[in-house]
Amino acid sequence: MINQAKPKFNIFWLYGCIALLIIGFSILGSSGETVRVTWPEVESQMIEKGRVERAVVVNDKEVEITLKDKAVEQLRKEDKYRNIPDRGPQFVFRIGSLEKFQEDFEKVQEELPPAKRVSLEFEGRENVWGGVLSTIIPIAIFIGLIFFMTRGMRGGGASGGVFNVGKAKAQMFDKDNRVSVSFKDVAGLEEAKVEIMEIVDFLKNPDKYRQLGGKIPKGALLVGPPGTGKTLLAKAVAGEANVPFFSISGSDFVEMFVGVGASRVRDLFRQAKEKAPCIVFIDEIDAIGRARNKAGGFNSNEEHENTLNQLLTEMDGFGTNSGVIMLAATNRADILDKALLRAGRFDRQIHVELPDLKERQAIFAVYLAKLKLQEGLDTDFLSSLTPGFSGADIANVCNEAALIAARHNKNAVEKQDFLDAIDRIVGGLERKNKIITEKEKRTIAYHEAGHATVSWMLEHANPLIKVTIIPRGQALGAAWYNPEERQIITREQLMHEMATLLGGRASEKLTFGQVSTGALNDLERCTRQAYAMIAYYGMSDNMPNLSYFDSGYNDRITKPYSERRAEEIDREASALVAEAFDMATEILVNHRDGLTELAELLLSKEVVFAEDLERIFGKRPGGGAESVVSVTAEVTGSAVGEQPSQSADDATPATELPSGEATVSEVPDYARD
């Protein structure tokens, strides 16, 4: 005999039956097909013709009209009244003011003979079903809330109910739902992969390390600029490791309720201990790892500090977390709490920096393999044209090149598409319809020619690629460079860069006898670099070997020097800028004919390449043009790409303030004007 499973009782069936009963009773108890009309219609069609048997005012808001039997048969002959009920009331209408209605009703009655007059009745009624529903519905809602809350308490999961708000929202990857990314998919980052692969190797072969008494680091912090592949590296760890992998964002611990963040931290480590050995990855850990405020209650966040304290305790407190390895990623390591960075919590800080030339070649190889390229296309030039680009930037270049090729209905992605993509990403969208007067265009041409002339004649300036006066983004023109990837920069090199920045302003003053607002971005970058040379790099003759740069970022409110010293720094910076401007002016005066020829060529062609400057000025001092002439030799047609330089609204930095190295570029330095 087969035992059939009995259907499970579901309380929602009971709720549905109750609702159907209420609806049925309300329908059966209703007055049926009572027609809603207006007072003028009742007055002319019913009262004046003596058809009304009864008029009842209900709750001082509505009037119900009951007709005589003969009147019902007469009105049913009309189309709009043919569905009126046999028994009254047949009609109903709303009234505004009861007093006004009574006056109108009495006036109508006075004009009628006594046989047709109707007395006005008044009734007060209660909506029984409305009262029942108004009582039952809140109770039903309350019972439903209790039901779902208790169900959430019984059920698991981070989003199972109100009482699960303290549960961690981490994603877990194990052998059943393994991540498909591996270390082979991570191009470049060779040094970072070596350190991170050691953790994976320990999990796979722990005896190799234990027999020598070694212990695996408890945590590793991935630090680097945005887009360099920190999260991708963590995904590769999840794909390579044969242990459970928990992934969560730092912002997932933040909640409006007090104590929720600390509760989620405890729940995360509870789950991790149950699955040990395992790896826990917290992306953007600066959301909860920000340094605690030393000022006590002033501008402090108690909930944030409680969450951080709980994280510190779980990572290396009195209890043990054996088998739980922490990974975290951030691009703001300078603001993390020092207690979080100490040995025993994050034993290693793995710096994931911007890729160098060889690493960019490897990254391009990964993304180019997904594109349909032109046969015989040599893509080695792409890595040399993109210094300062992160892995995310390179992925964007490849995708943009494919979009440009598709936009022009090409069957494959060509070299020009990649050049256009780099120009589009760095310089912005080309603005062909921007209205520029001839006078403004001439000023722009001489401004950009000044940049190009000075950079060409200075040995340590960045090699020029092209000059253009076609508007792009917020810029009206630009000079494009291929900067050398230097690790340290000398004072002479910095001065040559400053002179190049001021070449546009010097050209305007030399040619037109006046200056314009187009050099705002140049002046901003030049001023920043001059102050960095004096106050940070100690390159002052009067204040040598002094640096007021604070690498700890301790939120200093006051300046670390006196007002007198500030005046000295101002004078020294002004002197450096003046020296660079004089250097640029001297070069332009000595090559005035070449400057004029280059500017006029720009006005006629709108784009001038490195080979044109070599024809006008000859070889660069110290060389440097050969590497870019080969890149631009195949570029013909309309020019694309200008880094903002002529626009007074642009503020794209070329060199940021120092951050532990000689110079730091926050944005791709491909096009520096």
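## Basis of the model

Because the model is predicted, local features need pLDDT of at least 70 and side-chain atom pairs count only at pLDDT 80 or more, while totals for chains, interfaces and linings use all residues. Residues are numbered from 1 along each chain as its sequence is written, and side-chain values use heavy atoms, with hydrogens and water left out.

## The chain as a whole

The secondary structure of the protein chain comes to 24 helices and 14 strands; these are DSSP runs numbered from the N terminus, with helices (H or I) of at least four residues and strands (E) of at least two. Of the 673 residues in the chain, 44% are buried, where buried means under 20% relative accessible area, exposed means over 50%, and partly exposed lies in between (1.4 Å probe, protein chains only).

The chain exposes about 36200 Å², and carbon and sulfur atoms supply 53% of that area; accessible areas come from the Shrake-Rupley method with a 1.4 Å probe, and for residues only the protein chains shown count as cover. Among contacts with a separation of 6 or more, 75% are accounted for by residues 24 or more positions apart, a contact being heavy atoms within 4.5 Å.

Helix H18 (residues 491-501) is largely enclosed by the rest of the structure, because nine of its eleven residues are buried. These buried residues are Gln493, Leu494, Met495, His496, Glu497, Met498, Ala499, Thr500 and Leu501, and what covers them includes helix H17 (438-457), strand E13 (478-481), helix H19 (503-512), H20 and helix H21 (563-590).

In helix H8 (residues 230-240), the buried residues are Lys230, Leu233, Ala234, Ala236, Val237, Ala238 and Gly239. Their cover includes helix H6 (190-204) together with strands E7 (219-223), E8 (245-249), E9 (278-283) and E10 (324-330).

## Salt bridges

Side chains of opposite charge can pair when their charged atoms come close. A search of the whole structure finds 21 salt bridges, each defined as a side-chain nitrogen of Lys or Arg within 4 Å of a carboxyl oxygen of Asp or Glu. One of them joins glutamate 62 to arginine 36, with the closest N and O atoms 3.2 Å apart. Glutamate 62 lies in strand E3 (residues 62-67) and arginine 36 in strand E1 (residues 35-36), so the pair ties together parts that are 26 residues apart in sequence. Arginine 36 is exposed, at 52% relative accessible area, and Arg36, Glu62 and Arg94 are linked in a network of salt bridges.

Lysine 273 forms a salt bridge with glutamate 314, their closest N and O atoms being 3.9 Å apart. Since lysine 273 lies in helix H9 (residues 260-274) and glutamate 314 in helix H11 (residues 302-316), this pair ties together parts that are 41 residues apart in sequence. Lysine 273 is partly exposed at 41% relative accessibility, whereas glutamate 314 is buried at 13%. A further salt bridge links arginine 528 and glutamate 524, with closest N and O atoms 3.1 Å apart; being four residues apart in helix H20 (residues 520-535), the two are separated by about one helical turn.

## Surface patches

Patches are made of residues with over 30% relative accessible area and no salt bridge, with like charges joined within 9 Å and nonpolar side chains (Val, Leu, Ile, Met, Phe, Trp, Tyr) joined within 5 Å. For charges, Lys and Arg count as positive and Asp and Glu as negative, while His and the chain ends are not counted; the place of a charge is taken as NZ of Lys, CZ of Arg, CG of Asp or CD of Glu.

A negative patch is formed by Glu48, Asp60, Glu99, Glu103, Glu106, Glu110 and Glu111. Glutamate 99 lies in helix H4 (residues 98-110) and counts as exposed at 52% relative accessibility. A nonpolar patch is formed by Ile139, Phe142, Ile143 and Ile146, which together have about 380 Å² of accessible area; isoleucine 139 lies in helix H5 (residues 128-154) and is partly exposed at 47%.

## Two loop residues

Isoleucine 335 is placed in the loop between E10 and helix H12 (338-341), and at 15% relative accessibility it counts as buried. Not counting residues up to four places away in sequence, isoleucine 335 touches Asp286, Gly289, Arg290 and Ala291.

Leucine 371 is found in the loop between helix H13 (357-368) and helix H14 (380-384). With the same exclusion of residues up to four places away in sequence, leucine 371 touches Cys398, Ala402 and Phe418.
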